[in-house]
Structure formats: C-alpha cells, structure tokens
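Work through the exercises below with the model open beside you, and try each task before reading its solution.

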There are 4 protein chains.
Amino acid sequence: MEPTPDDKFSFGLWTVGWPARDPFGDATRPPLDPVETVHRLAALGAYGVTFHDDDLVPFGSDDDARTKVVARFREALDATGLVVPMATTNLFTHPVFKDGAFTSNDRDVRRYALRKVMRNLDLAAELGARTYVFWGGREGAESPAGKDVRAALDRYREAIDTLAAYVVDRGYGIRFALEPKPNEPRGDILLPTIGHALAFVASLEHRDRVGLNPEVGHEQMTGLNFVHGIAQVLWHGKLFHIDLNGQRGVRFDQDLVFGHGDLLDAFALVDLLEHGGPGGGPAYDGPRHFDYKPRRTEDLAGVWESAAANMRTYLLLRERARAFRADPEVQEALAACRTAELATPTLADGETVDDLLADRSALEDFDVDAAGERGYGYSRLDQLMVEHALGAR
Amino acid sequence: MEPTPDDKFSFGLWTVGWPARDPFGDATRPPLDPVETVHRLAALGAYGVTFHDDDLVPFGSDDDARTKVVARFREALDATGLVVPMATTNLFTHPVFKDGAFTSNDRDVRRYALRKVMRNLDLAAELGARTYVFWGGREGAESPAGKDVRAALDRYREAIDTLAAYVVDRGYGIRFALEPKPNEPRGDILLPTIGHALAFVASLEHRDRVGLNPEVGHEQMTGLNFVHGIAQVLWHGKLFHIDLNGQRGVRFDQDLVFGHGDLLDAFALVDLLEHGGPGGGPAYDGPRHFDYKPRRTEDLAGVWESAAANMRTYLLLRERARAFRADPEVQEALAACRTAELATPTLADGETVDDLLADRSALEDFDVDAAGERGYGYSRLDQLMVEHALGAR
Amino acid sequence: MEPTPDDKFSFGLWTVGWPARDPFGDATRPPLDPVETVHRLAALGAYGVTFHDDDLVPFGSDDDARTKVVARFREALDATGLVVPMATTNLFTHPVFKDGAFTSNDRDVRRYALRKVMRNLDLAAELGARTYVFWGGREGAESPAGKDVRAALDRYREAIDTLAAYVVDRGYGIRFALEPKPNEPRGDILLPTIGHALAFVASLEHRDRVGLNPEVGHEQMTGLNFVHGIAQVLWHGKLFHIDLNGQRGVRFDQDLVFGHGDLLDAFALVDLLEHGGPGGGPAYDGPRHFDYKPRRTEDLAGVWESAAANMRTYLLLRERARAFRADPEVQEALAACRTAELATPTLADGETVDDLLADRSALEDFDVDAAGERGYGYSRLDQLMVEHALGAR
Amino acid sequence: MEPTPDDKFSFGLWTVGWPARDPFGDATRPPLDPVETVHRLAALGAYGVTFHDDDLVPFGSDDDARTKVVARFREALDATGLVVPMATTNLFTHPVFKDGAFTSNDRDVRRYALRKVMRNLDLAAELGARTYVFWGGREGAESPAGKDVRAALDRYREAIDTLAAYVVDRGYGIRFALEPKPNEPRGDILLPTIGHALAFVASLEHRDRVGLNPEVGHEQMTGLNFVHGIAQVLWHGKLFHIDLNGQRGVRFDQDLVFGHGDLLDAFALVDLLEHGGPGGGPAYDGPRHFDYKPRRTEDLAGVWESAAANMRTYLLLRERARAFRADPEVQEALAACRTAELATPTLADGETVDDLLADRSALEDFDVDAAGERGYGYSRLDQLMVEHALGAR
C-alpha cells in the first residue's frame, strides 16, 4: 500500500499549500515553499505536481523574479523526478476578477484574463504539461438581470477557442480540460455541472482539443451521482483529467481527503476508473489528481498525513475493487441482474423499424405482467459491493 | 389578467387529473374524464391540452375502446378549439418499466417500450402534436454495479434515434424534447440535468430533430439556477418546449403551482422568455405548459382554482417584466452594470492572437488594481427587480 | 456474522411488506401475510417485529376480523419467539388525514385520530410493546397562511399529553417516541428534525414518558449529521428507539438498506451506539430497528436478501468499530487530538467566575498565537477510521 | 417607504463593513471606520448598530487604544441617536479558535474564550445592549471520533451558564440569544438548527435568560422552512432577536439582502412578525437586524445601496402583509380553510379521556370517507398571498 510514481498520483501546489484561511477565519498555517512541496510529495510516492500560475510565481512578480522561481522549481523537479502533468490559471483571487475573467462585463478584464492565461500556457508547455485546466470559479452571477448569460457563453466560447488556437499555433502538446462547479464563490457559476460543460464543449470550434476535469466534490455539491457523471464523460470520450477529493453532500465546498466523504461512491468511482475499460482494464490512464484541502485544524504534520491519506485510500479502494471484480459470487450476481444484456442493441443486427413493428412478440403478444414480475436482483449485488468495501470478503 | 388562447397556456391531462395518491397516502380525488378536462380548461382560457398515452386511452384497452376514447376526445377538442401541441408516453407506471424502458437491462422490455412509443406517436401525429416529450423517469439506477451507465446511454441513443427515424419515415411534423430530472423515482436518473441532456442530444444522429423540455422543479431539485439553465438551452437553440411549475428547493419533486416556489426566479424566467429575444421580444414562442399537481388537500374546486392560478401568476409576472424593462431607471442601472458590454467580442474585429499579445494595454500596462476597484452596481439593479416583482414601481 | 435475537434486530411489517408502489408507479410486489413475515424474520435471526395498526388489521375491519387477525399473529409470535418491542399508528394513508391527524384544521379529524391511536395502544400493550412511535408525516403544511403553526403545536402537545395520560391511566408500560422528518409527504412537516422534536418534548406535561425515535434518512434529508444528532439525543437522555436505514443525501426519502447510503456515517453511528456508553460499552440497549424499503426492482427473493443485508452490515460495522476502539494506534491518535480533555470542565472544581477573572494565564498572559499554532491531529485519526471501515487494519 | 428609527432596523458593523474577502478571493473593499458606519446608517434611517468585540476594538489593542476607540464610537452614537441593542463576540477569526471556543478540545482555549466574552459583556452593558448573541461558528467538528459531542455539549452548557451567572452577578440587563447554523466554516456545527438550540436552552440552569437569534439563511441552508421555525421559537417564548437576510436554498452561506432570496418566505415571515401576535398585532417587537453581506462585486456606493435595500424591502413586505390581512377575500378564504378551528382544543372543556372514548361520533359513527372528501381550500388562499406579494390586489 505504498504509492509509487506508477500509480500516477498528483497534487496541486495549492492543496497542501493552502494556508487555511476560510470565510470566517485567518490563516492557520504558514505558506509552503513550492520547492519543499515537490520534495515532500516525491518522498511520499507521488508522481506529479500541478499549479496555478500564481501558486508558483507570486502575482505581480517581475521577469527576473519569475525566472529565478521557475529555475528553482525545475531543479526540484529534476532532482525528484516529479513531473508537471497539468497546469492552470488563477483567475479568481485578485479583485479584478470579481465579476468573472472570460465573462466579466468589462472587456478590458476579459482581455487581461486571456493574456494571463497565455503567459502561463507558455510556462506550462515549457514544463511539459499535457493538460491545461480551466476552472471558471468567477464566471457566474448573482444578479438575474445584470449578467446576460447567453452573451457570457459567447464570450466563454470565444475565450476557449482563442486560447486553443494559440496552443495550436505555438505547437504545444496541450489539451484543455474544463472543470465545472455549481456555485461558490459566485451565487451561480456558468457550466455548473459535467453535463453543462460537455454540451458547451460540443459547441466549440476546437472541440477535439477540449475535454473535462470533473471534481468529485463539485458534482456532489448538487447531489448528483459523481460516478454516473464520470461514466457519461467517458461515453463522450472527454475524461481528460480528474480531481479526486471528498464532500459530505449538498453544502459548501469541503475539499476533504478522497474517500473521507461518500466512501461507497469513492469505491464505485475507483472501480469504474480501474475496471471500466475494455476487457475489464482501466477506463482512464491519466493522473489521479487530488484537489483537496488539509483541514484548518491541522498543522504541517497533519498536512502531510492527509496528503498520504489520499493516496493510501485510493490504493485500498483499488485493491477492494479488484477483489470485487474477481469474486465468482459477484459474477453470478451480475448475471442474475442481466447487466451485460444492456450491451446488446435493442434492435437486432439489420432489423428495421418496420421489422420491429411486425414483431408481435414485442407488443401484441408480449406478456407485460409476467415481465413486470421479474426481479432484478440488485439487492444481492449491492450487498456484495458493501461487503467488499468493508474488506469482509 | 384573463388568459386567452393567444397566451398559449397548456396543461397535461395528468396535472389537473392527478388523483392525489402519494408515497404515503391513497387517492383523495376521483379520476377526471379527459373530455370534462378539455371543456374546463377551455373555459379557463387555456390554449392546449397534452397527454401521456395512458392518460387518454387506459392501459390495456383494446382497439375498439381506443377508437371510441379518441373520437370523444377529438370531439371535445373540436367543440372547444383546444389544440394538442404535445404528447408523451407513460413509460413509468407499469411494473414492467421498474428497471427502465429504453435502458432496462431486459431487452424485451426495451423493445416493448419502443413499440409503446410508436403507437402513441401515431396518435400524437393524428391529433396534430408538434412536440413529443421524453421524460425518462425510470431510466436510472440505484445499484452502482448493476447498471452499466455507458451501455445504458448507448441504448438511450439507439432508442431516440430509432424513434426519430420512425417519425421521419412517417413524415410526421414532430420534434422530440427530452425532459431531464435528477432523481425520484429512481435513486439517480440518467441525463439528470439540462446540461447532461444537451450533451446527449449533441451525440445523436438525429440531433436536429431533438431538443429539450426543461421543467422548473426538476432543475431546482438540484439547487441549480433554472433561468441560467434555460439561457443555456436557448444558446444551444434547443428550447423546444417548457414545463412550468413551482418547487421549494432541494427535496422531493413538489410540482407546485407556477410561482408558488421561487417567485423571483419565476419573475426572471418570464422576463427571459418574454424579453430575451432580438429587440427585447420573446425568446420562446411555444406553449407555456404547466406540469404541476394540485395539492392532495384540495377537492375539485381547488383543482380548478389552482389551474387558473398558474395562468394568472404567469400573466402578472409578464406584466411586471414589461414594466421592469420599460423603466428608465432600470435602463440606467443596466448601463451602470455594463451588461451590454458583454455582447462585444473580447477580440476586436479581425484582431489576431498576435495582435492581442502585442497590445501592452491588455497586460503590461493594464492597471489591474484600478480595474479591481470598479463596482458593478448589481445591488441597485437587483433591488429594482425586487421592487418590480412586488409591484412597487 | 449470523444475527441472533441477542443482537436485537427488529423490522416493521411495512418494510419487507412494502408492495413497492411509488409516486410514479404501481405496486410491483404482492402483499405479504404478516404471519409469513414473522416466520421469515425469525428464520433470518431477527428479534422483533413492529407494526402500524393497519399493517396488521386492515383498515375498516370489524371486531371479529380483528380478533382473528390478532390471534393468528400471536400464534406466529409464540411459535417463533419473536417479540413486539414497538408499535405505531397509521395516521397518513387514508384521505381523512390529508391535512394532518393531531393537527388537522378539522377538529373531528383530530378526535378521530386520538381514538385511532388509543385503540392501537390497547393492542400494543396486549402484545407487550414497550415503545409507541409517533411519526407525524401529515402534521405539516404547504400553505403559509392556511396553517397556524403555533396553534398546531398546541394541538400536537394536547394530543401527546392526552395519549400519555391514557397510557398512565391504563397502567401500560409504554413510553412514547417521536420520529422527526423535514418534509415529504407534506411540503414542510412540523418537528422537522431531532432538535425541534427534543425542544417540543421538553414542553410537555408528560415529558418524562416521551422521547425520540430518530431515523437515519430523515435527518440526512436535510444534510444534518445523524451521528451528531444521536449524540445530542443521548445527551438529553431521550434515545428511546432508533430507525436504521440508508439515504443518499438531500433528496426524496429513499429508505435504503442500512449502510447502503453514507457508509462512514453508519460506521460512526454503530461506534457511538456500541461504544459511546460508560467504560466504552453500549450507549443504547434498545432494538436496532430497520425502517427501510426493499427496492421496487426486487422480487420477494430480493426482499429477504435485503432484510438480511441490513443485519449483516450492522454486524460487520460492529466488528469494525470494536477493532477501531481496540487499536493502540487509534488510542494514541485520540490522545494526540486531546479528545478526552473535553470531558474536563473548563472551570476548575470550585472555581468561581471571579477566580477565572483573576487568572491572568487565561487572558492577559495567554499566548494566543502559540495556542493557535497547535495542530489537532484529526487527519490521522480520521484516516485510521477509514482504514478500519475498509477492514484494512 | 422611508425607514425611521421607529421601524427598529439595525445592522452589524461587520455587514456593511465586510471587506469582501471570500474563500477564493482577496478583499475588494477597504475597511470602514465604525464611526463613519454609524453616521451612514443613521442617515439611512436605521435605529441601531451592533458589533463583535473585534469589529470595534481591533484584536490585540491595548487598554489605551481600546478606550479611545470606544469613546469615539460613543460620540458617534450620541451624535446620531443610534442605539446598540445587541453585541456579540468574535470567537472564530483567530487561529486559536480553529477547533472551537467553548468546545475546543484544549481547555486553555476554552478559558480564554470565556474571558474574551466577559470582557466584551462589560462593554456591551456599558453601551446599553439588551441582547448578547452567541454564534458558535467554530463549535463543531469534521472528525467523527476526534470530537466527543456529548462532552462538547457539556462544555457548551457550562460556558453559557457561567456567562449567564456573570451577567446576573454584575447586574447587567442583558439576555443571551444563541444563533444556530448547520455547517460552514466547520463541517458540522453543534446546535445546527433552531430546534437543536431550543432543546439545548431547555437544559440550561439559566434557561430563562437564554433564547434564540435565528437567521434566515442559516435555516434555509438545510432546506428547512424558516417561517415554521420562527413560529416554533415564538411558541417556546424564545424569539429574543432575529437576523434577516437572503439565501438561495441549500448551499454555502450567502448572506444576501433580505428578500433577495426566497421572496415568498420573506413575505410570510414579515406577516408572522407583524401580524402573528394577539389581535393581529406584532408577534415580535425587537430589532429587525440585518445580518447580510454586500456582494463582493460592489464598491462602497453599492454597499450603501444594499443596506438601504434591506430596509426598503422589509417596509414593502410589511405594507403587502397589511393589505393581505385586511382583504375581505383573504378573510373569507381563511374561513374556508378552517384555519381558526385549529385554535379550538381537540377535547372539549373538561372532557376526559373516558368521555372521548364514550363519544361514538369520534370513531364508531365517524364517516371517515366523507371527512376525507372535504377540500381544504389552500390553493385559493395561497394564490391570494402570491397576488398580494406581487402587489396585484
């Protein structure tokens, strides 16, 4: 249960580095030096580190300061072997973004936001990132009339397509991943769920280069089933990255350790990621990225305990999911549920609508009451999953 | 404030006709004769009536019974002038659908479901319906492993594309509208929000013929902003139909009278539908369809009171929205919010990415702190909206 | 992991006997004969069976029919050794209760409700029940002005005190347990949470005879922490009975199998019930009562599978909780959290307010910044709990 | 619609003075001088101003600084006529309180918290406050095993009783008001709802001196009906103070302007406060205290706009509620709902349980089906309320 880089675990600088300032309280921890973070994460068995521009290069740094910071960071990466699989932009902390970045009512703010992203795309490419995440935390509104949502979606599309064109033009091997969230800090955020973001992506000129970075807690904040959501993202071929953490249902954004929220959902998620692919193999081979916050009650020892806890819980769930899939009783229970039958098309190969209409067994001679009496056997299968989660089989 | 058919108000037979059986209680009202419903709705000023197949023709009726029922119904339509703008299928009441209709694990159930829809499509076309709604209330799961969500989405797509092909083949002038819902009666329902359904539609072969039928309460059950949702549906060109009702937040599906849930959201919704189009005209010209349930405490007098209440509240909100848009102080407040500036593209006409990079005013010379100090003036605008909602201006 | 009567597991007749009618669908299972249920539950290892009056004696039965039904039921109890630890009244199914029972606006309905309860209290006493539950599912409102909430609370108090007086007068050894729920079937239900019910009980004349019957899912429907709630009930000495089941957060009432909702909360709950008492022993010694519904997709085989699953999951969690409490690393982690220090009064024995004011170490000389730097070590403890839940230690 | 001090509107220094730092963003507004705030609020027509100790006297100030600050503040009060009806303690911003104040696992933190409160109680008394509020935002937990909830409630009770004894001893004319909140900033907060706090108060030694300060948004964060909650608080005689604001359902704490969340609930609340007392008069005569936050998008002009908006919306709703109560159609609709009948005891004056048992009309001869057919007429009443809310009658 010791993580290794092969497990592809990654962490944002802003996660372990969160100083624990919250809406009602001051920071309880000192800032972390990114270089120390890289060494600590490497020692814990992580594979990658990710960052917002301002996590690494403090906002307002001049070019000299910037160069030095980046050089020190690269050195730490080289020394530890940690990679930078993903980067992103801070478009939410500074007051200038209070009404949005790509969708601020103010055009000069929108232009500034594009430039801020471009500058960090250069750095991301330089550091070898393959994914660039867009979390539009300020792209939203509280005012029903003050924000024209359709105009905002036009500007959002303009921004993503412009930035995708930039990446293509520069020859960067970078794909974009949008991260939905329903609310907080804005009253309502645009592209609030996986679904809204998928629909938006389908409308882009550069739709092939743009996918999603779904986060466990962001979907659970609406009560939606995260595993169903990820299954739909996979179905659309758009799982470009994933943010793992924990959340205790519909409330403020908690960013708990992975598994410390809904444990059964975490089990089902790991089962999907690891066994949802062809032949029962992985459905996703990218980084397992933890976007969590060590609690405000913890000191630095607690920070590193909690970082390790994310990885350990994932590995335990992976082991449980393997045993679940390998259990002959589970196979038997799945057969009783006719789960595999859903993969068979409803129409036979070559069957036309008129053939279906001519098939009396489908309607006229179908014994609907008898069919309604069949049990689906889900109770047994679900209990088997709970018992595997509890390590009891 | 008296509704007329020009207002395009429509009601489902199952709304006023709900016998008020709930999960903990028996029916408190007798069934309504659809013919009586047609006459009552017409007398109240409605424009249309809609139905599930089984609302009109009782489940299991033979062809003779069916013909008689339909003939009586047509007569009532002809006598009153009421139209049938929309129809839909009951794929949820009978036990045969307990694991889904298009996505049941049982293939014969899926075939039966397709045939049940086809049969009612013929009737819908015969009665002149232009929209056919699909609410997949049983297309979902409680069991994490028992339902293969990606296979289910394959079958869902197969079903919708097959049925669309049928409509095309028969030359019916019918478009499809999917109605999302997050949960209830299933633990989790597929295509749980407007967003998920829009993304699904974009993946269909017959995507041009398929849009959405969003329902106020279904989105509010997840805490999502319904008005934002409708704006995104409009942005995608997919608002084919709409279900108006009321809901008091994240909880069970309440189907209250329109406006009896979140009144400010109802105001903003009517404002969007009536004034969100080009030049401030309507953004939507289809039926204003009420999908509500008269409360279980009400007798038949209360049923017709509540039906009238839906229309009256809509008309009052329409009047309030007109006054809001016409108020010079509102215009001034909108200008202060720079709301219209969001319609201006972020890049100038013909501006390239390299032009943007060369524009020092966008980054290097941008006074980010000064820009961060600007107020957006939303408080004033929102208070003006509240005061218009209260009829106080 | 085989349950025995010593484990004190009990089930309502209405749980396994639920015919699976839901707001959108007809029954999928036939009614169960209560006598068969008694035999089945006994065979599964249960200890008790509970009922609403109408579960056992069909609504409207005459005295003869009633006598026969009760005699057959007693025979089954005697044959199996199953006990009836609790009974309750159906004050929600019949239309007469549509506006409430004890708090209906109609006085004759309120009087009828009292009599219906009294009749069943006689039977409950005859069958040896020690607890009588009141779930006021219809005591609520949707109409803000139509229901006078304070008058309703007066009538609620009158009803409970009147019925308690009846029990005292008849010499029945029965205590009352109120079961809170926030909404569904009413828009809002009176006494919506554990807290509201506790406050109400404190206002009763017969407050000593009245406690609570909290249900997992009913509190989780509001997003409240069920384990915190039970701890407060225990603190007030009012945990008279408990309803165990599962719920997936803020949504409709799901009544899942215990543990099939929030598994970590279920772990913490079992830990509290089994180890929250003096010396680490049980904090509650009454029935572990499952108030769940076998899913609508299941046939009768699934019904009995799911009944067994409730008990098996409880036993597994009990085993996990024992191991958690016995683990020396857990003890060490608890010490690091200073959890036990909270049991020490804040004022020293005999310390007065003036003594505290004179203690400069409490304020003037208190190094507030140093104290703010201490970590509480919860991350490590919580991960130990997750790993025990996963059976990984 | 111009507020005057007779309307008893009050504001916290921390409301208009919020610098708009949120969990994802830096402050967007400069700090406000409390003296300026007093003058501004007075100019807007407010009656009172309230404060946390640290709002007025910066944390860590020495005695000299403290004296000067207080003197300037008093001067402003004297100059404007504004009163200080309530004060409270900041027990949440400094890291020392990260695990709680009265219920921190660390005893020295608990002692410090008591002293911090005592110091400010002296100032509150000096400034004439009659109510002292306790919002225990940090009294909670995320860790299931790390916090002993029953020990925490013991300490909470010890703290409140100790402080009440202090107030009694000093002869201060101050009552305490507890303010519940379910979560945020802690994962779960103790005394999470109105109900839990009422039950806790009933367990105190000084229960007569302690009541509640319920906040609109805090209850709406759990989906509970705020108006029902306030009705129960009034029923227990415990509405000592009230916090008015707006919230859009189950999500993070929004602190919107009063009425800018659930407008119908705001209407019903004002109706209850103003017309819920004997003879239709006020049920509450204390301050109408706004605990809201001007949005982060607003500059100082927006701050004062939003402050005025709270008062204006209250006054408009008060006017609407007056018209509602005075409308003869409303009176008629209420009569049809039999709302007043609920005030009649269920048992007749002097009727015993045996009398009730002997009354055959209550059970044996009660026509339960006929009674079940009666309609309650709520639909008409509710529509009248909606139309009054819309200013349409």
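The exercises that follow concern contacts between chains and the relation between copies.

This is a predicted model, in which local features need pLDDT of at least 70 and side-chain atom pairs count only at pLDDT 80 or more, while totals for chains, interfaces and linings use all residues. Residues are numbered from 1 along each chain as its sequence is written, chains are lettered from A in the order in which they are written, and side-chain values use heavy atoms, with hydrogens and water left out.

**Exercise 1.** Find how many residues chain B and chain A bring to their contact, and what area they bury.

*Solution.* Begin with the contact (heavy atoms within 4.5 Å), to which chain A gives 105 residues and chain B gives 105 residues. Next, take the buried area (accessible area, 1.4 Å probe, lost on putting two parts together, summed over both), which is about 9300 Å², with 60% of it on carbon and sulfur atoms. On the side of chain B, the residues that lose the most area to chain A are B:R115, B:W235 and B:L342, together 10% of what that side buries.

**Exercise 2.** Determine how many salt bridges cross this interface, and locate the partner of B:R111.

*Solution.* Apply the rule (a side-chain nitrogen of Lys or Arg within 4 Å of a carboxyl oxygen of Asp or Glu), which finds 14 salt bridges between chain B and chain A. Then look at B:R111, whose side chain meets that of A:E351 at 2.7 Å, N to O.
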